Amino acid sequence: MFDKILVANRGEIAVRVIQACKELGVQAVAVYSDADEDAKHVRHADESYNIGSPIAAKSYLDQEKLLDVAREAGVDAIHPGYGFLAENARFAERIEASEFEWIGPPSDVMRALGEKTGARRIMQEANVPIVPGTTEPATGPADVRAFADEHGYPVAIKADGGGGGRGLKVVERAEDVEELFKNAKREGEAYFDNADVYVERFLENPRHIEVQVLADHHGTVRHLWERDCSIQRRQQKLIEETPSPSLTPEVRSELCEAARRGVEEAGYVNAGTVEFLYEDGEFYFLEVNTRIQVEHTITEAVTGIDLVKWQIRIASGESISFEQDEVTQSQAAMEFRINAEDPFSDFAPMPGTLDIYRPPRGIGVRIDDGVDEGDGIAPFYDSMFAKFVVIAETRDEVVKRGLRALDEADIQGIPTTIPFHQHVLTDDVFLSNEHTTKYVDEQVTLEGDSA
C-alpha cells in the first residue's frame, strides 16, 4: 500500500478521495488554486500546496505544477478524481514514466477507448452490441449521406474524441449534412483536439444505462451492476438511480456481462464505466469513461463496495478479493446533484456564499460534498458542490425518502437544483418509468421562481 497520495483535483471528489486515503492509513496531499485556499478539501488533507491562478488551465490543468508538487511532497501515487486531467492520456503517460503510480487505467488503454471509433472496434471484437454506424472516421459529407441512404434519417455525426454532447450533430435532412458535418469537425477540434468524426444511427428515445467495472493488474475483471442516468439536461446528468427500473433481470445480466467482457478485451485496469443506450429492449455500446464517475456513490450504496478504496488498492498492486457472484444489488438508491444553478432561469450558474448549509440527515441518506456552511462557490469551476444520495429497499421508498431529504435540506445564499429534483420526484412520467434522455429537455417545466 502507498504511504502518500497526491489528490490532483478539488471539490467533493477531492474530499471523497482524501477520506478513502485516511481510512487506508495513507497520507493525502491536496492542491488548491488561489480561489480554493480555504476549501474543504484543503482543510481535510494532511498537506496542501498552492498551484496558482483560479483559471483551471493555470492550476488544476497544469501538469508541470502538479508533478512539481508530487516531487516536493514525496508522494507515491497520483489520483486524478474526475474531470480536469482524469481522462488525459498524456498526463497518465507522464506519470507512468515517472517515479509515481497512476491511479487509473493504462495510458494506452485510455487512448484506445478515448477515440470512439477505436472503442467501437474493440467492443465489436468482444461481441458487445454497438449502435449501427461506422468504425472508421468519415472522410466527408458523402460518407454521411451514404450511411443515411442505407439506414434512414435522422443520423448522428459524432466527434471521435467527444463526450458530454460536444461535437454531436443530429442530421434530420440530406440538405443539412454538409453544414453539420463541418460543425461537428470544428467542435471536435476545439474541444478535443481531434477533428475526426464518425456516423451512427440516431436513437430517438433511448435510456442511458451505464455499468460500473473494476479490473486489477492480474486479469480479474468484475462488473458492479448498472446505473440509470436518463435524467439529464443537454447530455448533462442530474439524477442517477440503481437498479435501472427499465431492465428485466435477463437484460440486466446480459448488459453487465457485455460491459465486463468489453473492458476485459481492452486490457482495462482500475475503475471505469461502460455506457450504453437502451431502446426497445435492445442495448448498444456508447463509450467508456476511463475514471471514477460522479455517480459512483449509488453503486457503493447498493453493493457495499468502496470503489475509491479499490482504485487505490488496485493501483498499489492488490488483487480484487471478491467473486462476481458475490456482487449483489441489495437495495435501491438515487443520487441528486446539487448545483449552484437556478432551475427557474434555464439552470443559469449562480456562484456565491453558502450563508446557511444544512444538508439532510437520517436513515438512508449519504452526503458527499466539497463545502461547509460559510464557504463560497467559485465561478471558475463546475457548479456542483454536493450530492445527496438516498438508499432504501425499493424504488418507491427511495422516491419518498428522496422527497423527505430534499425538503429537509436548508441551503441559503444561492439558488440550487433542489426544486428541479422535487419536481421530478412528483412527476407521473418519472414515477411511471416512462422517461427517456429527452424527458428533461422536452417535458419538464418548472413554475414559480427561485425565491
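Colleague: Why does E295 count as buried?

Modeller: Its relative accessibility is 1%. Buried means under 20% relative accessible area, exposed over 50%, and partly exposed in between, with a 1.4 Å probe and protein chains only. At 1%, E295 is therefore buried. Note that this is a predicted model: local features need pLDDT of at least 70, side-chain atom pairs count only at pLDDT 80 or more, and totals for chains, interfaces and linings use all residues. Residues are numbered from 1 along each chain as its sequence is written, and side-chain values use heavy atoms, with hydrogens and water left out.

Colleague: What makes K237 and E295 a salt bridge?

Modeller: The closest N and O atoms are 2.8 Å apart. A salt bridge is a side-chain nitrogen of Lys or Arg within 4 Å of a carboxyl oxygen of Asp or Glu. So the pair qualifies. K237 sits in strand β11 (residues 236-242), while E295 is in the loop between β13 and α10, 58 residues apart. K237 is buried too, at 13%.

Colleague: What does the salt bridge between E287 and K116 tie together?

Modeller: The closest N and O atoms of E287 and K116 are 3.6 Å apart. E287 lies in strand β13 (residues 282-289) and K116 in helix α6 (residues 116-125), so the bridge ties together parts 171 residues apart in sequence. Helices (H or I, at least four residues) and strands (E, at least two) are DSSP runs, numbered from the N terminus. E287 is buried at 12%, and K116 at 8%.

Colleague: Are D410 and R358 buried or partly exposed?

Modeller: D410 has a relative accessible area of 22%, so it is partly exposed. R358, at 47%, is partly exposed as well. They form a salt bridge, with the closest N and O atoms 3.6 Å apart.

Colleague: Why is helix α10 called largely enclosed?

Modeller: Because 7 of its 8 residues (296-303) are buried. Among them are H296, I298 and V302. G304 follows α10, with a positive phi near 75°.

Colleague: What makes β1 and β4 a pair?

Modeller: Two strands pair if DSSP finds at least two bridges between them. β1 (residues 4-7) and β4 (residues 77-79) have 3 bridges and run parallel, so they qualify. I5 stands opposite A77 in β4. The open sheet has 5 strands in the order β3-β2-β1-β4-β5, with parallel pairing. β3 (47-50) and β5 (101-102) are the edge strands, each pairing on one side only.
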